[in-house]
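Trainee: I would like to take a close look at a single part of this model, with the cut-offs stated as we go. Could you walk me through it once the structure is up?

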Amino acid sequence: MEQYLFLLKKILGDLLMPVPIVLLLLSWALLLMLRRKTRWFGYLVIIFVTALLFVASYAPLSNQLISLFESRVPQYQQTEAPVDYVAVLGSWHQSVTTQPITSELKPTAIVRLAEGIRIYRMNPGSKLIFTGFKGIVEDRVSFPDKLRELAIALGVPAEDIIALNGPQDTQEEAQLIASRFADSSLVLVTTALHMPRALILFHDAGLEPIPAPTDYVAKPFKSWWVFPSAETLAHTEYWAHEQLGILWSDVVKKVELITAESK
């Protein structure tokens with residue numbers, strides 16, 4: 001059952017994004033315009049899609065939505081006593097022998113790692129925890145091992161790094177970390193847009209980590225006179241992905257509650 005829910009989550013997560021939605025609505029508008037009776041409605045759909053695409057790719061509007069979400073969790077503040085562990089959540093990588101390791105990792109992963117190392121050095125005696133997917137057949141090096149390799153290259157002692165292979169998503173990362181470090185103080189490092197959902201999942205797993213959001217997307221803008229851009233559209237998609245993730249978590253909780261009550 002869990003495998004089917006995971007697959008459904010991935011399909012819906014990819015489908016209910018601005019670009020797929022725009023393409024689906026444009027296809028629907030085309031079908032509507034083929035019939036004279038519904039042609040007027042097809043025009044309305046096209047107008048709506050154009051407005052949706054503009055809002056999603058226009059930085060001054062998109063950034064306002066994103067900044068409200070990113071500001072839910074404040075940036076990391078040093079505690080009086082050093083923490084035990086600094087957990088850097090997984091991202092994405094692809095091993096390419098002809099490229100340096102900094103190009104094999106997604107930029108998001110490098111930013112998360114840099115913040116993790118910064119906080120690790122602020123807390124003497126702490127250790128870094130790297131989590132993520134164990135790797136596919138074509139790439140047998142897991143994400144945590146790839147991140148570990150870069151961290152060592154940046155001067156982190158190998159004995160201060162714990163690589164946890166296997167988790168496919170944030171929920172599995174939270175459960176795995178909770179099973180091993182439930183009684184330890186923990187800093188959680190992830191992207192600012194991802195942090196609100198990550199905290200929900202870690203709290204559900206019984207942990208109370210200290211949040212350390214990084215890789216902020218929304219930046220102050222100086223003028224409204226800018227053109228829509230693909231980069232802004234990608235940021236909006238990320239925001240939409242996190243909104244759907246939180247909604248999915250709520251749905252799963254309600255389903256589990258109903259299932260438990262029916263037994």
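Trainee: Which exposed residues does the face of α3 turned away from its buried side carry?

Mentor: That face of α3 carries the exposed residues Trp40 and Ile47, where exposed means over 50% relative accessible area, buried under 20% and partly exposed in between, with a 1.4 Å probe and protein chains only. Before going on, note that this is a predicted model, in which local features need pLDDT of at least 70 and side-chain atom pairs count only at pLDDT 80 or more, while totals for chains, interfaces and linings use all residues. Residues are numbered from 1 along each chain as its sequence is written, and side-chain values use heavy atoms, with hydrogens and water left out.

Helix α3 covers residues 39-57; helices here are DSSP runs of H or I with at least four residues, strands are runs of E with at least two, and both are numbered from the N terminus. Its 19 residues reach 27 Å from the first C-alpha to the last, close to the 27 Å expected at 1.5 Å a residue, the expected span being 1.5 Å times one less than the number of residues.

The buried residues of α3 are Gly42, Val45, Val49, Ala56 and Ser57. Seen down the axis of α3, these buried residues fall within an arc of 85 degrees, so they line one face of the helix; the arc is that of the directions from the helix axis to the C-beta atoms. In general, an α-helix has 3.6 residues a turn, so residues three or four places apart point the same way. What covers the buried residues of α3 includes α2 (18-33), α4 (59-70) and α10 (230-262), with contact meaning heavy atoms within 4.5 Å.

For the setting of this helix, the chain has 10 helices and 5 strands, and buried residues make up 38% of its 263 residues. An open sheet of 5 strands has the order β3-β2-β1-β4-β5, with parallel pairing, where two strands pair if DSSP finds at least two bridges between them. The edge strands, each pairing on one side only, are β3 (161-165) and β5 (210-214). Strand β2 (residues 127-132) pairs with β3 in the parallel sense over 5 bridges, and Ile162 in β3 is the bridge partner of Ile129. Over the chain, among contacts between residues at least 6 apart in sequence, 72% join residues at least 24 apart, and the C-alpha trace spans about 70 × 55 × 40 Å along its principal axes.
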